[in-house]
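Keep the viewer open as you read.

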Amino acid sequence: MRLPDELDTLREAAPAGFAARVLDRVGVPAHRYDCYVRAESPVGTLYVAHGRGAVTGAAATDWYADDRAFEDAYRARTHRSALSGVKPPPGLARALRGRDRTLRYEFGPLPEEQRAVLRATRAVPFGQLRPAAWLAREAGMPDLAPEAVVAAVRANPVPVLVPAHRLCTDDGLPADCGLPAAFERRLRDWEGVDAERVERFVRAGARFLGSGTTRIFCYPTCAHARRITARHEVPFTSADEASAAGFRGCLSCRPAVV
């Protein structure tokens with residue numbers, strides 16, 4: 001065997017965090033680069049990138065051939081390097097269990113309009129779905145076209161943590177948020193979205209669900225709507241119809257009229 005080939009057999013992958021430690025040792029400040037960790041989530045192992053006090057990217061590890069492929073894709077999107085690290089950002093483990101309270105996010109070179117939609121997406125509660133019109137309104141852009149909202153959701157660089165998978169169509173069905181279909185289904189199943197119940201209301205044309213006892217109407221996946229017993233369910237095709245019937249909008253899920 002030639003010496004170069006023999007030396008090549010000695011090549012080993014650097015341990016996680018090695019590159020960041022080298023840069024720290026030679027005095028390169030941490031704000032000049034980002035780091036990433038492998039984090040276990042209920043839907044599989046994720047790459048989670050972070051830097052400058054914010055989470056900057058996430059992806060399932062099986063979407064990439066190896067770490068280098070993820071690093072290359074990250075650099076192409078953000079124009080910054082991501083180095084393998086060992087320390088996750090504070091609050092990540094809790095966020096991966098669906099209880100994101102403290103994480104900050106940096107969405108990279110996205111237009112402010114798309115950033116606003118993604119910030120609004122974070123407000124969709126665990127296990128619930130909201131249509132594009134709701135996201136536009138919560139983002140402070142009620143006239144934003146649904147196509148623009150969907151484009152923003154599909155540009156989400158932090159899937160799972162920023163829950164774009166909670167987008168639904170106007171009639172209430174889960175929408176394509178740009179992730180692999182099987183991955184989206186796993187996310188919704190993990191959050192307990194009852195697909196059969198959702199489809200039942202869609203088939204009935206019920207975009208909103210009122211309670212005959214409280215006279216409040218909600219989106220069907222709202223936690224309050226799920227507590228309405230079958231004999232007290234009052235379906236509505238529109239918020240105007242619910243209002244005309246004397247129902248007011250839920251203060252929690254904030255349907256079109258509150």
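## Helix 8 and its two sides

On one side of helix 8, Arg185 and Asp189 are exposed (over 50% relative accessible area, with buried under 20% and partly exposed in between; 1.4 Å probe, protein chains only). The buried residues of this helix, which spans residues 181-190, are Phe183, Glu184, Leu187 and Arg188. They cover an arc of only 135° around the axis, so they sit on the same side of helix 8; the arc is taken from the directions from the helix axis to the C-beta atoms.

Strand 2 (44-51), strand 3 (54-60) and strand 6 are among the elements covering those buried residues, where contact means heavy atoms within 4.5 Å. After helix 8 comes Gly192, with a positive phi near 80°. Helices (H or I, at least four residues) and strands (E, at least two) are DSSP runs, numbered from the N terminus.

Four strands form an open sheet in the order 3-2-1-4, with mixed pairing; two strands pair if DSSP finds at least two bridges between them. Its edge strands are strand 3 and strand 4 (82-84), each pairing on one side only. Strand 2 and strand 3 are antiparallel, joined over six bridges, and Ala49 has Gly57 in strand 3 as its bridge partner.

## About the model

This is a predicted model: local features need pLDDT of at least 70, side-chain atom pairs count only at pLDDT 80 or more, and totals for chains, interfaces and linings use all residues. Residues are numbered from 1 along each chain as its sequence is written, and side-chain values use heavy atoms, leaving out hydrogens and water.
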